[in-house]
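Dear colleague,

Please find the structure we discussed below. My findings follow directly after it.

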Amino acid sequence: LDEIGNISLRLQQKLLAVLEDWEFQKVGTSKNKPVKAIVIIATNKNLEQMVKEGKFMPDLFYRIDRNTKEIPPLKRRRDDIAILCDHFLDSQNKILPENNKLFFDSNFKKKLSKLNYDWPGNVRDLKNIVESIFDEKLRYKDYSPILFSDLPKRFRSHQNDNQGSMTVKRGPGAPQKFTDKELLAAMNKHNHYQIAVAKELKSSTKTISVRWGQYKKEHNIKE
């Protein structure tokens, strides 16, 4: 039972009855049905304080307050980030054939765990990142390793290095950058026609040619 602190007092009463008698009634029936179960309950709220405020039934609180374990937020257990990333990616990879399964670049998880980010959404926040990157990769049929530059921009802004970006000149103005992800997307969009790619990324064909050659070598891509 997730987020038990969010359920109404009426539902709390029903849950307490089940936990006390281990019986329940199906909707539309008047016959009690026995149930056997191991109940695992999670919450991010202070239930003891909610009892004092009259928002949580004391009888239910004392009934479930057994073998309680406090799990620290993700920002306090950054060593778990790599394990969780692998778990979430493995779940997504189930829809792909064996030869096209995605995997992380060797530095991705290390950099992610050192990100200057407090993970306000906790584990769900991390799961959303992995699933977003996975969806984006499939969108462009990009089966190359997942790079740090594949992170959504709002997360990349929490780190100080510029790995995964290429600095290019755009005339007399300030230097501009494009990521490996943007390069790959442009190459796929324009069927590897480098003049069109260079125009879209506001770069030179020489820069695109050199950078694409480096990318193919790094990711063992053959054309």
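Which residues have the most contacts inside the largest nonpolar core? The model is a predicted one, and in it they are C85, F108, L112, W119, L126 and L151, within a core of 23 residues. Helices α4 (80-93), α5 (108-113) and α6 each give two or more residues to this core.

Apart from its neighbours within four places in sequence, L151 is in contact with F108, L112, I129, I133 and R156. Of these partners, F108 and L112 are also listed with L151 among the core residues with the most contacts.

I turn next to the largest pocket. The space in it comes to about 1300 Å³. Its lining is made up of 32 residues, and I41, A42, T43, T68 and K69 are the closest to the pocket centre. Two or more lining residues come from each of α2 (47-52), α3 (58-64) and α6 (122-139). Helix α6 therefore deserves a note under both headings, because two or more of its residues belong to the core and two or more to the pocket lining. Sorted by class, the lining holds 14 nonpolar, seven polar and eleven charged residues.

D180 belongs to helix α8, which spans residues 180-189. D180 counts as buried because its relative accessibility is 6%, under the 20% limit. The side chain of D180 is joined to that of R211 by a polar contact of 2.3 Å.

With kind regards

How values were computed. Residues are numbered from 1 along each chain as its sequence is written. This is a predicted model: local features need pLDDT of at least 70, side-chain atom pairs count only at pLDDT 80 or more; totals for chains, interfaces and linings use all residues. Side-chain values use heavy atoms; hydrogens and water are left out. Helices (H or I, at least four residues) and strands (E, at least two) are DSSP runs, numbered from the N terminus. Buried means under 20% relative accessible area, exposed over 50%, partly exposed in between (1.4 Å probe, protein chains only). A polar contact is a pair of N or O atoms within 3.5 Å; within protein, one must be able to donate a hydrogen and the other to accept it, and residues adjacent in sequence count only if both atoms are side-chain atoms. On a 1 Å grid over the protein atoms alone, a cavity is a set of points where a 1.4 Å probe fits but cannot get out, and a pocket is an open set with protein on both sides within 12 Å along at least five of seven lines; lining residues have an atom within 4 Å of a point. Grid points are joined across faces, edges and corners, and a volume is the space filled by probe spheres set on the points. Ala, Val, Leu, Ile, Met, Phe, Trp, Tyr, Cys and Pro count as nonpolar, Asp, Glu, Lys and Arg as charged, and the others, Gly among them, as polar. A nonpolar core is a set of buried Ala, Val, Leu, Ile, Met, Phe, Trp, Tyr and Cys residues joined through side-chain atoms within 4.5 Å. Contact means heavy atoms within 4.5 Å.
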